[in-house]
Amino acid sequence: MKNLPIKDLEPGMITEEAIYTSRGQLVMEEGTVLTAELISRLSFYSIYDANVKDTEGTSEKAMSSDGDNIQETADTPAEATDEPEKAANTPNQAAQAAEPANPASSLTSDVFYSQKVKSQPEFLEFQITYNKEVNSIKEIFDSVIKNPAAPIDFHQILSDFTELIASCRTTVALFDKLHNMRQDEDSVYAHCLNVALISRMMGKWLKLDDSERDILTLCGLFHDIGKISIPNEILNKPDKYTDEEFALIQQHPLFSYKLLKQQPIDERIKQAALQHHERWDGSGYPQKIAGDTLDDFAAIVAIADVYDATTAARSYRPPLCPFQAISMFEKDGLQKYHPKYILTFLNRIATTYQHNRILLNNGHSANIVMINPSNLTRPMIQTDDGTVIDMLDNPEMEIIKII
């Protein structure tokens with residue numbers, strides 16, 4: 001182990017132990033591979049030295065064959081998802097990496113966050129695998145509709161799925177990629193894939209074992225299969241539904257259940273299809289059941305379903321940013337969803353975006369410094385001029401975009 005001043009740190013070095021601010025806030029976990037951006041972050045938090053491993057080169061935790069050991073880096077900057085070897089591949093970049101960048105300069109970068117995500121080679125690989133999986137889901141759904149009794153190869157489905165999730169090294173990497181895969185009108189197949197990915201991540205947060213996460217993944221993947229029975233002109237209608245159209249839309253959980261009923265699969269997959277629009281307070285549909293009568297996996301899929309739907313673009317509205325979705329859950333959702341699952345989800349999704357740059361409703365941009373656990377949508381932020389603001393003291397401020 002070597003203790004080095006910040007000016008001597010270089011991309012590719014690996015932290016020997018976790019790094020904290022003077023107030024005890026976790027900035028970087030043990031085993032983090034340093035990049036130029038991460039080194040700048042240390043300077044930003046007035047951290048003057050760090051213990052690094054006495055080895056050369058870079059290291060990366062091996063992925064399991066399932067791909068579910070995505071590193072939890074909710075409290076580390078999103079830039080940590082970059083491949084270490086990409087940090088300094090030219091002499092000029094190497095020189096910049098050797099000397100920490102000015103924090104204010106990095107905060108005022110005019111490169112939007114989504115552009116940074118999409119420019120990464122990992123995003124292109126994810127995009128290719130993602131689109132292949134969407135096409136595969138379409139083929140599976142079509143075959144089930146043609147012959148609901150024909151057996152589905154769930155083993156192959158899970159094998160293909162884990163290839164996709166294994167390409168995301170961290171929690172924030174997965175959600176960044178999902179948000180940047182958005183189309184103007186996501187298909188039912190893409191939505192089901194997204195819900196499966198989010199549900200599986202929730203299973204990890206809830207510490208479910210591998211077999212349980214597999215079941216939960218399939219719950220998310222097949223929850224909306226019944227929507228294929230509804231005409232596209234109704235599903236994607238930009239105007240308000242007529243009473244008849246809305247009644248038909250509310251039947252899709254029953255359509256999903258009927259399509260899966262004959263399949264020799266775990267009953268929770270069928271119940272998730274049937275119950276994912278039911279609510280904890282009994283306000284959902286189609287059966288209006290409530291509380292503990294709801295299937296646990298259906299309750300998890302319900303949260304993933306709403307989060308994906310609200311953060312996707314629709315013909316009648318732009319997508320909500322994650323913090324707007326969290327705000328919606330906090331305002332009227334806490335009584336509608338299973339308390340344990342919704343609180344776990346909201347805390348995790350909020351801390352995933354700690355340290356990200358955001359756009360405020362007043363047109364200013366800022367960096368999230370610290371999430372407020374008592375009010376997740378009102379964190380401590382630092383504006384581009386260096387001013388630190390507690391959004392709890394500024395109720396007029398609202399986060400409208402991650403940039």
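Two strands count as paired if DSSP finds at least two bridges between them, and strands themselves are DSSP runs of E with at least two residues, just as helices are runs of H or I with at least four, all numbered from the N terminus. The structure here is a predicted model, where local features need pLDDT of at least 70, side-chain atom pairs count only at pLDDT 80 or more, and totals for chains, interfaces and linings use all residues. Residues are numbered from 1 along each chain as its sequence is written, and side-chain values use heavy atoms, with hydrogens and water left out.

Zooming out, the protein has 16 helices and 9 strands. A contact means heavy atoms within 4.5 Å. Among contacts with a separation of 6 or more, 67% come from residues 24 or more positions apart.

What about the inside? A nonpolar core is a set of buried Ala, Val, Leu, Ile, Met, Phe, Trp, Tyr and Cys residues joined through side-chain atoms within 4.5 Å. The largest one has 88 residues, and those with the most contacts inside it are Y130, L193, F222, F323, F329, F345 and I381. Helix α8 (residues 188-205) gives the most to this core, namely 12 residues. Leaving aside residues up to four places away in sequence, L193 touches Y130, E133, V134, I137, F161, L164 and L221. There is also a second, separate core of 14 residues, including L4, L9, L34 and L38.

Next come the aromatic rings. Rings of Phe, Tyr and Trp (its six-membered ring) pair if their centres lie within 6.5 Å; planes under 30 degrees apart are stacked, over 60 edge-to-face, and the rest tilted. The whole structure holds 11 such pairs. One of them, F126 with Y130, is tilted, at 5.7 Å centre to centre and 35 degrees between the planes. Both residues lie in helix α5 (residues 121-146), 4 residues apart, about one turn of the helix. F126 counts as buried because its relative accessibility is 0%, and Y130 does so because its value is 4%. F175 and Y307 pair edge-to-face instead, at 6.2 Å and 85 degrees. This pair links distant parts of the chain, with F175 in helix α7 (residues 171-179) and Y307 in helix α14 (residues 296-310), 132 residues apart. Both F175 and Y307 are buried. Ring pairs also tie F175, W205, Y307, F329, Y337 and F345 into a cluster.

Definitions and conventions. Buried < 20%, exposed > 50% of the residue type's maximum accessible area, 1.4 Å probe, protein only.
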